[in-house]
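Me: Hey, I've got a protein model open and could use a hand reading it. Can we go through a few spots together?

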Amino acid sequence: MGVLGASALATGCSGTQSRPTTASGTTPSGASTPEPSATTGTPAPPPPAPTPTWDGQVKVLGDGSTSYTGPQPKQPVPEKLKPGEKPPQFVVFSWDGALEGDERMFSRFRKLGTENNAQMTFFLSGLYTLPKSKSTLYKPPQHKPGDASIDYATDPHIKDTLEQLRLAWLDGNEIGTHFNGHFCNAKGGGEWSTEEWKSELDQAVSFVTNWKTNTGFKDLPPLPFDYTKELVGGRAPCLEGQKNLLPAEKAAGFRYDASSPGEFQVWPVKKEGIWNFPLQMLPYSGKSTQSLSMDFNFLANQSGNTTNGDPKKYDTWEKETRESYLAGFERVYNGSRAPLFIGNHFESWNGGIYMQAIEDVMKSVCKREGVRCVSFRQVADWLDAQDPKVLDQLRQLDPAQPADWTRLVK
């Protein structure tokens with residue numbers, strides 16, 4: 001079955017998806033956009049001061065890498081469904097790695113979100129706040145200190161990423177975790193014990209909360225949030241190891257996990273007391289199979305192991321990808337109203353067609369009536385506010401099944 005093939009490819013996920021030579025971290029061939037400072041020589045503007053909360057207070061934490069500036073702005077208040085009320089159509093755009101590289105994908109989609117009423121989840125790889133000169137501070141499970149399957153970010157990219165993280169949080173987006181070294185397959189997350197996952201998670205938090213000490217960038221403002229409290233969910237690299245990861249996340253107080261390699265478009269359930277937010281099987285446009293809701297899976301189905309396939313097919317592949325996402329959206333929007341979960345990377349695979357497809361989808365769906373483009377954390381907030389009996393009713397619906405909400409939601 002085609003969808004199983006796509007799922008297997010997702011769990012492989014190459015491990016080279018986030019190299020800082022491009023915005024995504026992949027290593028496709030072709031020139032990348034040069035750093036503005038390298039071409040113009042213009043000094044960078046002074047960093048902005050920490051944004052104060054309403055009472056003017058900023059509580060700097062630890063070494064000054066993070067701070068508490070009050071509750072996160074622009075957060076919706078979850079409301080319990082009223083009897084007979086149709087559920088909102090949630091759509092989550094999520095990003096693995098969250099590096100601001102040469103192609104400025106982080107800033108592009110952050111700004112696109114603000115223009116289209118979309119708040120998103122950015123799964124930050126902790127290594128993107130750790131300079132290569134300090135790489136041996138990272139002690140990956142089952143690997144040598146400093147080893148990683150992704151490249152360490154350059155100093156300019158670390159600075160740019162920190163700035164985008166700050167702005168993203170102030171825009172109301174969620175900063176989750178993609179952990180650190182992106183190890184897959186042999187000695188990867190699928191083979192790690194719960195204790196090894198705890199170590200990986202602890203290190204991811206440590207790198208983000210101590211970036212000033214590790215980088216020496218003392219003149220930059222702190223991130224405007226306490227990462228130890230804001231971090232409530234993550235996605236494992238290559239979607240591997242969820243079984244042993246869940247207990248580690250539960251011990252850390254996580255509220256959800258997005259590491260499942262794929263399920264149908266149905267209302268979520270909890271695993272180990274944590275909301276399970278999987279990638280989803282979507283109708284594959286023009287084919288009798290389905291594909292998982294991630295750029296890597298469309299890439300694998302279209303150009304196999306290369307990120308630079310036949311340019312003559314780019315228009316067709318972009319259309320397939322866009323229409324598949326929209327087909328998955330329409331199926332639940334006009335049916336069960338189960339949330340739609342989309343996973344992506346900051347990449348330029350096959351000429352950037354997957355990024356353009358996501359941009360088109362965001363522009364198409366996020367301003368529609370009844371649609372809420374939100375973060376995973378916001379979905380968890382809403383689910384926690386609902387009557388469990390109502391959620392049980394919603395889970396019985398087929399994704400495309402229109403419901404009589406006056407009878408169903410009681």
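Reply: On helix α13, the face turned away from the buried side carries the exposed residues Pro388 and Lys389. Exposed means over 50% relative accessible area, buried means under 20%, and partly exposed is in between (1.4 Å probe, protein chains only). Helices (H or I, at least four residues) and strands (E, at least two) are DSSP runs, numbered from the N terminus.

Me: Before we go on, what kind of model is this?

Reply: This is a predicted model: local features need pLDDT of at least 70, side-chain atom pairs count only at pLDDT 80 or more, and totals for chains, interfaces and linings use all residues. Residues are numbered from 1 along each chain as its sequence is written, and side-chain values use heavy atoms, with hydrogens and water left out.

Me: OK, back to α13. Which residues are buried there?

Reply: Val390, Leu391 and Leu394, in a helix that runs over residues 388–395. They sit on the same side of α13 because they cover an arc of only 100° around the axis. That arc is taken from the directions from the helix axis to the C-beta atoms.

Me: And what covers them?

Reply: The cover for the buried residues of α13 includes β10 (274–276), α12 (376–384) and α14 (405–408).

Me: New topic: asparagine 173. Where is it, and is it buried or exposed?

Reply: Asparagine 173 is in the loop between α4 (155–170) and β6 (174–177). It counts as buried because its relative accessible area is 2%.

Me: Now α5 and α8. How do they cross?

Reply: The axes of α5 (residues 194–209) and α8 (residues 242–251) come within 8 Å and cross at roughly 50°. So α5 is oblique to α8. Angles under 35 degrees count as roughly parallel, over 145 as roughly antiparallel, 65 to 115 as roughly perpendicular and the rest as oblique. Axes are lines fitted to C-alpha atoms, for helices over the stretch in contact, and angles run from 0 to 180 degrees between N-to-C directions.

Me: Which residues meet there?

Reply: From α5, Thr194, Trp197, Lys198 and Leu201 meet Asn244, Leu245, Pro247, Ala248 and Ala251 of α8.

Me: Last one: how do the axes of α10 and α11 compare with that?

Reply: The axes of α10 (residues 314–333) and α11 (residues 353–365) come within 9 Å and cross at roughly 35°.

Note on methods. Contact means heavy atoms within 4.5 Å.
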